[in-house]
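User: Hi! I'd like to go through this model with you, one question at a time.

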Amino acid sequence: MRLRFALLLIALPFVSLAKDPILTGADQLSAYLPSLKGKKVGMLVNQTSLIGGKSIVDSLLALGVNIKMIFGPEHGFRANASNGAKVADEIDAKTGIPIISLYGARKKPTKKELDALDIMIFDIQDVGCRFYTNINTLRDIMEACAENGKELIILDRPNPNAYVDGPILDMKYKSGIGQFPIPITHGMTVGEFAQMVNGEGWMAGKVKCKIKIIKVKNWTHNMDYTLPVGPSPNLNTQQSVLLYPSLCLFEGTIISQGRGTHMPFTVLGAPLLKGIYPFTFTPVSIPGKSETPLHQDKACYGLDLRNYNTAAIRKAGKVHIAWMIEMYKAYPDKAKFFDRSQSKQMGNIDFLAGVAQFKEQIIAGKSEEEIRQSWEPGLSNYKKMRKKYLLYP
């Protein structure tokens, strides 16, 4: 009887073993298009804001949505600005819509701008890291909407690095690359993070934003997700996106992460490592991507991680700090490894790690296990708090 039933199932034409496709919030037009009808709409979007393979702005305009303003995050609406570069206001050449930059001196829309709108949309692909500035922009737009009584529709997207790891930011080291008491990889989508921002009172005056989240369909935190387009100029491959949580820490060191090459965040190296590592690359000026990279026009020697098995990082659910330990041990002039006076392209390792102890532990030769132990109990406490805000298994 069991065999006959199994054979019957195999014979049924509508039975499929294929997985349902992942649908981002933006893909689900029927879930939010009615909310935009007859409204003056503002959008915080960039080149990752796609419906299928087409810009959400172009798609909604074609459907008759009245988009009055576009707000751009770091790198700009069309992602043609380098890391940290000032982005000016402009008129979008393709649509004629005003683009207002929210990266630089201005962090959020003005009351006048929001008074001209009925509703806001946030649709930006994040990569799940504390030092990736999209979550700061999300908080700022939520705060502005809350202060001016505007609803924010968040079109959610999967987090490609949806694991939780790293030291919790010591708020003494709050900066543009660390605004919240969270670990390096926070393990949340922007929709989930928005709920945390509201729930934990992380906006000025502990205001709360009225949000409507269009959830991702057919995705869970333990699923792989390949980004259809690079989220920023120097995250131009899936490999770079998956290595970013581990390699961005090197921005606080003398070690190049490949800025100034066409393989950023997939290589590590420095001139003084010649003779220690055979692999070499030479950073050069690349307009719109990295104009003045660390070690410009100098051969760097180090690690080629372009074929590293990033699935192992995801499976372990850990930032790969062993590379930091290795490179520090290998570097001949250890006094200069974290010395920012050598180059304006070097960041502050304490701000990147979020704690002062990390640099001290690397210098002291602590093991990875010892370093990880110092992240407790903060990391475990964060994981418990995070559970309140999850939208996906």
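User: Is proline 393 buried or exposed?
Analyst: A quick note to start: this is a predicted model, where local features need pLDDT of at least 70, side-chain atom pairs count only at pLDDT 80 or more, and totals for chains, interfaces and linings use all residues. Residues are numbered from 1 along each chain as its sequence is written, and side-chain values use heavy atoms, leaving out hydrogens and water. Buried means under 20% relative accessible area, exposed over 50% and partly exposed in between, with a 1.4 Å probe and protein chains only. Because its relative accessible area is 72%, proline 393 is exposed.

User: Which residues does proline 393 touch, not counting those up to four places away in sequence?
Analyst: Proline 393 lies in the segment after helix H13 (378–386); helices (H or I, at least four residues) and strands (E, at least two) are DSSP runs, numbered from the N terminus. Contact means heavy atoms within 4.5 Å. On that basis, proline 393 touches Trp219, Thr220 and His221.

User: How many residues of strand E7 are buried?
Analyst: Ile119, Ile121 and Asp123 point one way from E7, while Met120 and Phe122 point the other way. Both groups are buried, and for E7 (residues 119–123) the count is 5 of 5.

User: Which residue stands opposite phenylalanine 122 in E8?
Analyst: Two strands pair if DSSP finds at least two bridges between them. E7 and strand E8 (residues 151–155) run parallel, joined by 4 bridges. Within E8, the residue opposite phenylalanine 122 is isoleucine 154.
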